[in-house]
Amino acid sequence: MPIASSAQCAMCRAALESEEGGVKAEAVNDGIVYLMAIPYILVGILGYAIYRLKYGKKKEI
């Protein structure tokens, strides 16, 4: 059985529902996407750096 849940705190919901234009809602959504993307970008950079260290250019003697 699915369980209904709310993804926003009560204060965020009240602030976003009280506004007519929806500018705050878009800003909150953009902030959530920004906060979600940063860890993926950092892990990608770390993975690339490890790859470069392991399989980087090897000097021929």
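## Helix H2 and Ile-38

Ile-38 is located in helix H2, which covers residues 23–55; helices (H or I, at least four residues) and strands (E, at least two) are DSSP runs, numbered from the N terminus. The model is predicted, with local features requiring pLDDT of at least 70 and side-chain atom pairs pLDDT 80 or more, while totals for chains, interfaces and linings use all residues. Residues are numbered from 1 along each chain as its sequence is written, and side-chain values use heavy atoms, leaving out hydrogens and water.

Ile-38 counts as partly exposed because its relative accessibility is 33%; buried means under 20% relative accessible area, exposed over 50%, and partly exposed in between, with a 1.4 Å probe and protein chains only.

## Nonpolar surface patch

Ile-38 also contributes to a nonpolar surface patch of about 640 Å², together with Tyr-34, Leu-35, Ile-41, Leu-42 and Ile-45. Patches take residues with over 30% relative accessible area and no salt bridge, joining like charges within 9 Å and nonpolar side chains (Val, Leu, Ile, Met, Phe, Trp, Tyr) within 5 Å. A salt bridge places a side-chain nitrogen of Lys or Arg within 4 Å of a carboxyl oxygen of Asp or Glu.

## Overall composition

The protein contains two helices and zero strands. Of its 61 residues, 2% count as buried. The protein exposes about 6200 Å², of which carbon and sulfur atoms supply 67%; accessible areas come from the Shrake-Rupley method with a 1.4 Å probe, and for residues only the protein chains shown count as cover.

## Helix H1 and Ala-15

Helix H1 spans residues 10–17 and includes Ala-15. With a relative accessible area of 30%, Ala-15 is partly exposed. Ala-15 and Ala-25 are 10 residues apart along the chain, and their C-alpha atoms are separated by 8.7 Å.

## The aromatic pair

One aromatic pair is found in a search of the whole structure. The ring centres of Tyr-51 and Tyr-55 are 5.4 Å apart and the planes stand at 50°, so the pair is tilted. Rings of Phe, Tyr and Trp (its six-membered ring) pair if their centres lie within 6.5 Å; planes under 30 degrees apart count as stacked, over 60 as edge-to-face and the rest as tilted.

Both Tyr-51 and Tyr-55 belong to helix H2, four residues apart, or about one turn of the helix. Tyr-51 is partly exposed, with a relative accessible area of 47%.
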